[in-house]
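Reader: Could you go through this structure with me? I would like to take it site by site.

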Amino acid sequence: MAECIFCKIKDKQIPTKLLYEDGDVMVFPDIHPIKSVHLLIVPKKHIDDFAGVEDASLFSKLFIVAQKMVAREGLKDKGFRLVINGGGAQIVPHLHIHLMGPVGKTAGL
Ligand code: 5GP
Ligand code: ZN
């Protein structure tokens with residue numbers, strides 16, 4: 001999508017350090033981190049949001065990469081949170097998972 005920020009990152013039109021990349025998924029740091037680790041796990045294919053995923057195998061691909069990043073960032077025993085905004089709740093209308101940590105136990109979200 002021409003005007004999509006994350007598609008522009010995929011197409012190298014916005015220079016961004018990718019921490020992970022394969023044929024389907026890319027990972028880069030959030031530009032406004034709210035935790036010391038705050039990564040975005042993003043499908044390369046433009047999909048507006050969670051509700052628009054038609055190929056369920058994409059979920060495995062994204063979560064397997066998320067799991068790798070949890071290990072790579074040393075968050076396994078430090079606490080982490082995965083968040084997906086959708087249905088118009090997100091700022092960037094291209095599906096992505098936030099991985100944030102370290103976080104402690106919380107009573108609510
Ligand atoms: P959302 O509310 O859509 O789930 O979150 C989108 C996230 O993307 C925000 O946390 C925001 O800081 C991040 N973001 C927006 N534009 C850019 C960008 O150009 N580069 C990077 N690395 N992150 C961005
Ligand atoms: Zn896009």
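Reader: Which side chain has an N or O atom 2.7 Å from an oxygen atom of ligand 1?
Author: The side chain of His 96 does, and this is a polar contact, meaning a pair of N or O atoms within 3.5 Å, where within protein one must be able to donate a hydrogen and the other to accept it, and residues adjacent in sequence count only if both atoms are side-chain atoms. Please keep in mind that this is a predicted model, in which local features need pLDDT of at least 70 and side-chain atom pairs count only at pLDDT 80 or more, while totals for chains, interfaces and linings use all residues. Residues are numbered from 1 along each chain as its sequence is written, chains are lettered from A and ligands numbered from 1 in the order in which they are written, and side-chain values use heavy atoms, with hydrogens and water left out.

Reader: What about backbone atoms close to a nitrogen atom of ligand 1?
Author: A backbone N or O atom of Pro 29 is 2.9 Å from a nitrogen atom of the ligand, and a polar backbone atom of Ile 31 lies 3.2 Å from a nitrogen atom of ligand 1.

Reader: And which residues come nearest to ligand 1?
Author: Of the 15 residues around ligand 1, the nearest are Asp 30, Asn 85, Ile 91, His 96 and His 98, where a residue counts if one of its heavy atoms lies within 4 Å.

Reader: Where is Pro 29 found?
Author: Pro 29 is in strand S2; strands (E, at least two residues) and helices (H or I, at least four) are DSSP runs numbered from the N terminus. Pro 29 is partly exposed, with a relative accessible area of 38%, given that buried means under 20%, exposed over 50% and partly exposed in between (1.4 Å probe, protein chains only).

Reader: Switching to the metal, which residues are the protein donors of the zinc ion?
Author: The donors of the zinc ion (ligand 2) are Cys 4 (SG), Cys 7 (SG), His 46 (ND1) and His 94 (ND1), at 2.0 to 2.3 Å; donors are N, O and S atoms within 2.8 Å of the metal (3.2 Å for Na, K and Ca), and water is not among the atoms, so sites may look incomplete. Along the chain these donors follow the spacing C-x2-C-x38-H-x47-H.

Reader: What is the geometry of the zinc site?
Author: The site is tetrahedral, with angles of 104 to 117° among its four donor atoms, and four donors count as tetrahedral if all angles lie between 85 and 135 degrees.

Reader: Are Cys 4 and Cys 7 buried or exposed?
Author: Both Cys 4 and Cys 7 are buried.

Reader: Where does His 46 sit, and what does its side chain reach?
Author: His 46 is in the loop between S3 and H2, and its side chain makes a polar contact of 3.2 Å with the side chain of His 94. A polar atom of the His 46 side chain also lies 3.5 Å from the backbone oxygen of Pro 93.

Reader: Which backbone oxygen does the side chain of Lys 44 reach?
Author: The Lys 44 side chain reaches the backbone oxygen of Asp 22 at 2.7 Å, and Lys 44 is buried, with a relative accessible area of 16%.

How values were computed. Four donors count as tetrahedral if all angles lie between 85 and 135 degrees; four count as square planar and six as octahedral if opposite donors are over 155 degrees apart and all others between 65 and 115; anything else is irregular.
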